[in-house]
Every structure is written in C-alpha cells, then in structure tokens.
Amino acid sequence: MKQQFRRGMLHGVPIMLGYLSVSFGFGILAIQKNLSILAAVGISVTNLTSAGQVAGVGVIAAGGSLLEMILCQLVINLRYSLMSLSLSQRLDSSFTLPHRLIAGFGVTDEIFAVASVQPEPITPPYLYGLILTPFIGWAGGTLLGAAAGNIMPAHVTAALSLMLYGMFIAIILPPAKKSGRVLLAVALSAGLSVLCRVLLPSLSSGFAVILSAVAASLITAAIFPAPERGEGSP
Amino acid sequence: MSLVVYIAVMAVTTYLIRVIPFAAVRGRIRSRFINSVLYYIPYAVLSAMTFPAVFYATGDVVTSSVGTAAALIMAFFDLPLIVVALSSSAAAFIAGCLIGIIG
C-alpha cells in the first residue's frame, strides 16, 4: 500500500518539475490579466490543466459568458475523456467507485501518460501518489509565478517551456522504436496534427489533438490489432 | 459576474469531462477492435500534442527545433524522462545564446 503510494509519488517527480515551470508561466499570466494570487492558485488547485486554465483566464478577463466558459473547457479538455476511458481499462479491481470519483480529478496528459505505460494494473495508492507530486508542483509553481511576477529572464522561461514536450517525446519514442504498430500510430497522429495546423489553422488545438489521435488510432487498430494483455508490454 | 462563479463553472466542467468515463466504465471492454484503439490512444494523443506544437514552444522555430532534436536523440537512447526534458530545454537555451552572440 504505502510502497505503491511512494512509487507513484516518485514516478510523479519528473511531471512535478515540468509542471513547476509551466504553472510558473500560468501564474505570471494570471497576474497580467489582473487576477489576484489567491485566484490564480485557486484556479490551479481546482482545475489542474494547462491549456484549459489559460483559455479560462482569457474568458474571465474578457468578461465572457458562462456558456462560453463551458464550451471552451469542453473543447480544450475533451481529450481527458478519451484518456479516462483508456485508463479505466487499466485499473485494478480494488479501484472502487469512490476511488474513481477522487482519482478522476487528477487525470492530466502527463499523469495519464505515465500511468498507462505501467505494466501492472493501476491501484488507487499508486495513482494517488502519481497525482500528488505533480499537483504540488502545479499549485506551487502557480504561487511562485504569481508572487514573483516576471523575475525570470524571458529566454529562460522560453527554454523551460520545452520541458513538457521533451517528456512526451521520452514517453513515446522508446516504445515506437521497439514496436512498428506503435510507430505507425505515433507517426500518423503527428502527421495528421501537422496537417490540421497547416490546412485548418482556425481549428482549436484541443480539437486538432482529438481528431488526429482518434483517426490515427482507428487506422492503426484496423491494420494491426493490439496485442492481448500480457502478450508483450505496451 | 463573480470570479468565484467563473472558477467554479470552469472546475466543475473540467472535472466532469474527466470523471464520467472514469467512473462509468466499470467493466472490461471485450471488443478486440475497441481495445486496440484504446491501446494506441495514449501514444497518438501525446504525439499529436507534441507535433507540431514543439516547434513553436520557445516562440522561435530554430531554438525549438534544436531542443526537439536533442529530445529525440536522448529519448532514442532510452534516457530517463527528466534527463530528456532537461537536455531539451538546455539545448534550446544554448542555441538561443549562440544565436544571440552571432546575431
């Protein structure tokens, strides 16, 4: 139990470090949009999502309607539904409804990515640990960013913004190198995403991600059915 | 409109998006095809989020591309996540400094 929680926390450390820099940027942004430090941190601890929060602060600053806020979050964050659905298939039988209602809050891109490549079924203590360290990083980074304002030189924050993408690449490249099927899914998805950007520049990035990922996964699944569980690790 | 209302609406929407599939899908999905799609989704989502966004991440295509190349090389050799992430940032930072010196 305790060991699983600790293992989850440890796996969350790289995510925490990445979140620190991103949420630092969010903190700065929130202050620029005339929100208080309390409001900035309040948004981060209740939402735990980067793109959605940035867009949400935009809606608040523009005095938009609540319907606009809901639609905006729905479009940008709909990918989480896909991730939750995928993750629901990896949960251990000890994952009862109350645990799901709590842990569901913490499904982010990075937490999902790390959790879904674990070879064994996901237990509640593991997932709680994996959510806790990034959550602290997210809240802490927002607080620091909002409190410090813009003290870091711009070229340092710009370079730090690559961290999360570097982490994504580190997650997808090694399995793609070993498995042609995964490589196909990854390459198709990247290609479609680039096409969306070039051909449909007005499409929101959230929608582009959903479209590309679903299409790439459908095509790959039609050509290569995935291995049964236990038959080679994901 | 009160700020608290905005934040609450934002938080509840985001929470429901995440928790509904998580809580509602209790059993194992038996369809081989759906399982295959769900197997590829994590990789496909991360890939679509990374490309092409990674090339604009620093606000400059050249330094972003240098950082991306560093990440690809490090990841190819199976280095830990944090090493890949930090070297990607470091490469972009150094590239930015070099461009500053030359330009």
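Residues are numbered from 1 along each chain as its sequence is written, while chains are lettered from A, and ligands numbered from 1, in the order in which they are written. Because the model is predicted, local features need a pLDDT of at least 70 and side-chain atom pairs count only at pLDDT 80 or more, whereas totals for chains, interfaces and linings use all residues.

**View 1. Confidence along the two chains.** The pLDDT is the predictor's confidence in each residue, from 0 to 100. Chain A averages 87, and 94% of its residues score at least 70. Two residues are in contact if their C-beta atoms, placed from the backbone, lie within 7 Å. Chain B averages a pLDDT of 90, with 99% of the residues at 70 or above. Among the elements of chain B, helix 2 has the lowest mean (85) and helix 3 the highest (96). For the complex, the predictor gives an ipTM of 0.87 and a pTM of 0.74.

**View 2. The side of chain B that touches chain A.** Here 60 residues of chain B are in contact with 81 residues of chain A. Helix 1 (3-24), helix 2 (32-50), helix 3 (61-76) and helix 4 (81-102) of chain B each supply at least two residues of this side. The most come from helix 2 of chain B, with 18 residues. Helices (H or I, at least four residues) and strands (E, at least two) are DSSP runs, numbered from the N terminus. By class, this side of chain B has 43 nonpolar, 13 polar and four charged residues. In this classification Ala, Val, Leu, Ile, Met, Phe, Trp, Tyr, Cys and Pro count as nonpolar, Asp, Glu, Lys and Arg as charged, and the others, Gly among them, as polar.

**View 3. The largest nonpolar core.** A nonpolar core is a set of buried Ala, Val, Leu, Ile, Met, Phe, Trp, Tyr and Cys residues joined through C-beta atoms within 7 Å. A residue is buried if 20 or more other C-beta atoms lie within 10 Å of its own, exposed if 12 or fewer, and partly exposed in between, with C-beta atoms placed from the backbone. The largest core has 108 residues, and A:A170, B:A44 and B:V45 have the most contacts inside it. Domain 1 (2-167) and domain 2 (179-234) of chain A both give residues to this core, so it lies between them. The domain bounds come from an automatic or database domain assignment. The C-alpha centres of the two domains lie 23 Å apart. Beyond its neighbours within four places in sequence, B:V45 is in contact with A:R79, A:L82, A:M83, A:V209 and A:A213.

**View 4. Helix 4 of chain B.** At 1.5 Å a residue, the 22 residues of this helix should span 32 Å, in agreement with the 32 Å between its end C-alpha atoms. The expected span is 1.5 Å times one less than the number of residues. Buried residues of helix 4 of chain B include B:L81, B:F93 and B:G96. Among the elements covering the buried residues are helix 1, helix 9 and helix 10 (163-178) of chain A together with helix 3 of chain B.

**View 5. The loop between helix 9 and helix 10 of chain A.** A:S161 lies in this loop. A:S161 is buried, with 22 other C-beta atoms within 10 Å. Leaving aside neighbours within four places in sequence, A:S161 is in contact with A:G25, B:A57 and B:T58.

View 6. Most residues other than glycine have a negative phi, and most peptide bonds are trans. A:N34, in the loop between helix 1 and helix 2 of chain A, is not a glycine but has a positive phi of about 65 degrees. With 10 C-beta neighbours inside 10 Å, A:N34 counts as exposed. B:D78 lies in the loop between helix 3 and helix 4 of chain B, and its phi is also positive, near 60 degrees. B:D78 is exposed, with 12 other C-beta atoms within 10 Å. In the loop between helix 2 and helix 3 of chain B lies B:P52, which a cis peptide bond joins to B:F51, with omega about 0 degrees.
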